Every structure is written in C-alpha cells, then in structure tokens.
Amino acid sequence: MMMRIAVAISGRGSNLEALLRVLVPGAPAEIVLVLSDRAEAAGLSLAQARQIPTVVLAEPQDGELWLSHLRAHAVDLLVLAGYVKLVPASVIETYQGKVINIHPALLPAFGGKGMYGRRVHQAVLASGARESGASVHLVDERYDQGPVLAQARVPVLAGDTPERLAERVLEVEHRLLPAVVLAAARAGRPVPLPDVVESSS
Ligand code: GRF
C-alpha cells in the first residue's frame, strides 16, 4: 500500500525538497499535502510547483482544523520538517505513533522550546561538544521529547561558526529524514534505524 504523507513546514523547506527528490513515482510513499503556519513559507512554492495541495493554517493551534485537512487527504503519516510550533494534542492522539519530526541536534541534548535554527548550533558550539548531528523522533505533546528513531552524527570542527555547523548538519538531515520516511513506508509505521556517522573529511 502506498503511504500517504503530509509535511508541515514553517520556512525554507529544504527538508521537504529532500523528501520530494526521493519520493518519486514508484516509491512506497507519496506527499499528498503540505501544511504551514505561515503564508510566506518559501517551501510552499515547492509543493505548488508539483501540484501538491497546500494549506496555510489560519489557527495552527486548532486541532480540528488540522484533522479536517489530514482526513480529507487520507493521510497516514505526518512529517514535521522545519515546523516550529507545537502540534495540537488532538492531532497527536489521533495520529499516535505516526507523527515524526527532524531536529538539527543530537537529542535529547539541545532540544526543547525555543531551540531551533541558529540558536541550536550556537548552543552546541558554546558547550564545547565534539560532535553534533540530526535526530528524527516520534512527536508527542512536548517539544523534541518523543522517542528518537534515528540520528546522524557529524564532527564539530575547529573554527566552526553556527552557520558552518548548520550547513554540515543540514546535509545529513537531507539524507536522514528520507531514510526514516522510506523505512516507515515499508514497515507501515515509523521504525527505528541504526545511527549514521559521518567522517570528518
Ligand atoms: C531544519 O534544520 C530542521 O532540522 C529544523 O528546522 C530546519 C528547517 O529547515 N527543525 P528547512 O525549512 O527544511 O530548510
């Protein structure tokens, strides 16, 4: 059975683009809906260019609004890819174990409310950590707390700035998220994957 996926974004959409590159005809999953809490989210145009329905959520905290769209498109899996708000509890309950999120750090460290974008990488550098990376986890009612399914690790290099580290992490994000989504499509639900470790070269 083809897994029907909805992707929620708030901004640029490079993780959405990485998914679109992999979920081509013949893949076991298809993106059938893209949702955003911001009309100006640049990633919406990626979906519109491929005639994938898009929705801008006027009230992102309204669970019934989410559910009406997810049901209308018979969505099986909800993927948060740069979506910065909490997903309403009623959506989490209805899609128990079928909502995943990508975060640009090695959770449980450097996660939580307000920990997104440049702030994450700044905190990693300030901590003196020798490695960072990305995590895909199941989503519950709290920010970045649900069980981790897969991680990709990258080295923190001397002279790294938050921007340079963010770039190195984003590169592995674009491989990690599609890998988790494809494994979920084959298994019928999100499943854990072995960690990926990037070399320092
Ligand atoms: C990514 O780094 C993701 O891990 C985080 O938000 C960023 C979104 O980037 N949650 P993009 O919009 O997918 O380019």
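This is a predicted model: local features need pLDDT of at least 70, side-chain atom pairs count only at pLDDT 80 or more; totals for chains, interfaces and linings use all residues.
Reader: How far is the side chain of arginine 12 from an oxygen atom of the ligand?

Author: An N or O atom in the arginine 12 side chain lies 2.5 Å from a ligand oxygen atom. For serine 14, a side-chain N or O atom is 2.6 Å from an oxygen atom of the ligand. Proline 104 takes part through its backbone, where an N or O atom is 3.5 Å from a ligand oxygen.

Reader: How much of the ligand's accessible area does the protein cover?

Author: On its own the ligand has 370 Å² of accessible area, and the protein covers 86% of it. The space that the ligand takes is the largest pocket.

Reader: Turning to the fold, how many helices and strands are there?

Author: The protein has six helices and eight strands. Along the sequence they follow the pattern β-α-β-α-β-α-β-α-β-α-β-β-α-β.

Reader: Why is the protein said to be as compact as a globular protein of that length?

Author: Its radius of gyration is 16 Å, close to the 17 Å that the globule rule gives for 201 residues, so the protein is as compact as a globular one of that length. Along the principal axes, the C-alpha atoms fill a box of roughly 50 × 35 × 30 Å.

Definitions and conventions. Residues are numbered from 1 along each chain as its sequence is written. Side-chain values use heavy atoms; hydrogens and water are left out. A polar contact is a pair of N or O atoms within 3.5 Å; within protein, one must be able to donate a hydrogen and the other to accept it, and residues adjacent in sequence count only if both atoms are side-chain atoms. Accessible areas come from the Shrake-Rupley method with a 1.4 Å probe; for residues, only the protein chains shown count as cover. On a 1 Å grid over the protein atoms alone, a cavity is a set of points where a 1.4 Å probe fits but cannot get out, and a pocket is an open set with protein on both sides within 12 Å along at least five of seven lines; lining residues have an atom within 4 Å of a point. A molecule sits in a cavity or pocket if more than half of its atoms lie within 2 Å of its grid points. Helices (H or I, at least four residues) and strands (E, at least two) are DSSP runs, numbered from the N terminus. The radius of gyration is taken over C-alpha atoms; the globule rule is 2.2 Å times the number of residues to the power 0.38.
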